[in-house]
Amino acid sequence: MMEDFPFNQEVLPLISNSKTDNTDRIRARLRAHQSTHDYEDIALVDVNGQVHFRLSGRTQPLSPDTMERLQRALREEKPELTRLRRSFATDAPLMDVVVPLFVQEKDRSAAVAGLVFSVDLQLELYPLMQFQTMAGPSAATLLVRRDGNDALFLTEPRHLQAEALRFRVPLTNVQSTAVSAVSAVQGKEGSLVSNDYRGVKVLFTTRAVSNAPWFIVAKIDYDEIFADGRRRLALMGLLFLTLSALLFTTGLFLWQRGRRAHFQALFETEASRRVVEERYQTTLMSVGEGIAATDAEGRIQLLNSVAERLTGRARKEAISKPIEEVFQLLHEDTRLPEENPARRALLDGVHTECADNTVLVAADGVERPIALSGSPIRDDAGAVTGAVLVCHDMTERRAAQKALKLSEERFRLIFENANIGVCLLDTQGRFM
């Protein structure tokens, strides 16, 4: 509306009291906006705040606050939100959106008028405040702001017979029925415990609303939260979720619906990331080698099924334990402990392999000849954030080597102890 110069040019003659026949067309345009967005009323005013007409037909002038916001909107060339107020005609709680109108004059914009859109809070804001994500007879949410030396309630407080925008509590009355509201407008954020107006101990939390002089207070009876020990953490979390939901919905009210596509994109990105991570983990867990991954301190963060079988330790048991405790390595001949390649990879930041004749001692005491290698895991900056350990069971290979060696030894004995003369010649007939 502010930048619709053709419409604003039509408004100019009407504001300047020139003879014009476009009044009905302007009213029809504004009624379309009123019908689409459920505005309580729309007023056309000049730059001095004089009301030329209201769609409702009422004739009352602008409130002092709306007048002040109009001057600021014209000066700063942007729309302004007024404070919450009650309608002169219907006594309904309202908030005005003041929009300055400009026309193009040569190389600059000139202010010609303003539009005041009145929003009925009972239709737009209060339903959001009545939304409860937390079940419970004592749960309540309040919207308050500071008005001089008082805390003014912008919504009707639950469990208290009082009208919104009329009920106020002095800031000095800390024993009042709304000590939580007093704490909120005094800038105290966080969770507090106190007695409410019923003399009942309650837990409440306060937060400031971004881009508005408002504060949200969410409270619930202390006993209701802590009556069941198993529900304690869940209800505390739900209390904060209630606050988060109210802040989110209030922010959504202020910023309209422009962010919905952004959050949808974030959700899709997160879903894609999880699919990739699950596919990566499924692949890793299906590898035929034993795989283990550690953090920067050498504590196990991942163990596949092959590594579970080799170490004799379940994944749940091994997670967060030092790599040396799960993978116990000994030299087969000296029986001395061998350094784990993953630990060396963490310290030196290079690929490392274990020494020959290394055996892995499983949890049940079974020893297996094994080949291990450790490699560092680096982040985007090149810092070592963990290590990956790859282990291969050498039992079958070692058995095959021993069988081959035994076969060769037997052949040599047979050859040397044979009762007949035997010699070996090469293809040229020379002795080998």
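Is D38 buried, partly exposed or exposed? With a relative accessible area of 45%, D38 is partly exposed; here buried means under 20% relative accessible area, exposed over 50%, and partly exposed in between, with a 1.4 Å probe and protein chains only. The structure is a predicted model, in which local features need pLDDT of at least 70 and side-chain atom pairs count only at pLDDT 80 or more, while totals for chains, interfaces and linings use all residues. Residues are numbered from 1 along each chain as its sequence is written, and side-chain values use heavy atoms, with hydrogens and water left out.

**Positive phi angles in loops**

D38 lies in the loop between α2 (23-37) and β1 (41-45); helices (H or I, at least four residues) and strands (E, at least two) are DSSP runs, numbered from the N terminus. Although D38 is not a glycine, its phi is positive, at about 60°. S320 is another residue other than glycine with a positive phi, near 75°. S320 is found in the loop between α11 (315-318) and α12, and is partly exposed at 44% relative accessibility.

**Helix α13 and its surroundings**

Helix α13 spans residues 341-348, and its buried residues are P341, A342, A345 and L346. Viewed down the axis of α13, these residues fall within an arc of 145°, so they line one face of the helix; the arc is that of the directions from the helix axis to the C-beta atoms. The buried residues of α13 pack against several elements, among them the strands β13 (290-295), β18 (367-378) and β19 (384-393), as well as helix α12 (323-326). Contact here means heavy atoms within 4.5 Å.

Both ends of α13 have a described feature. After the helix comes G349, whose phi is positive, near 70°.

**Salt bridges**

Side chains of opposite charge can pair when their charged atoms come close. A search of the whole structure finds 17 salt bridges, a salt bridge being a side-chain nitrogen of Lys or Arg within 4 Å of a carboxyl oxygen of Asp or Glu.

| Pair | Closest N to O distance |
|---|---|
| D4 and R29 | 2.6 Å |
| R335 and E367 | 2.4 Å |

D4 forms a salt bridge with R29. D4 lies in the segment before α1 (5-15) and R29 in helix α2, so the pair ties together parts that are 25 residues apart in sequence. D4 is partly exposed, with a relative accessible area of 21%, and R29 is partly exposed as well, at 30%.

R54 is buried, with a relative accessible area of 8%, and D41 is buried at 0%.

R335 forms a salt bridge with E367. R335 lies in the loop between β15 and α13 and E367 in strand β18, so the pair ties together parts that are 32 residues apart in sequence. R335 is partly exposed at 39% relative accessible area, and E367 is partly exposed at 36%. Elsewhere, salt bridges that share partners join E40, D41, R54 and R58 into one network.

**Residue S244**

S244 lies in helix α8 (residues 232-255) and is partly exposed, with a relative accessible area of 42%. S244 and R207 are 37 residues apart in sequence and 9.5 Å apart in space, C-alpha to C-alpha.
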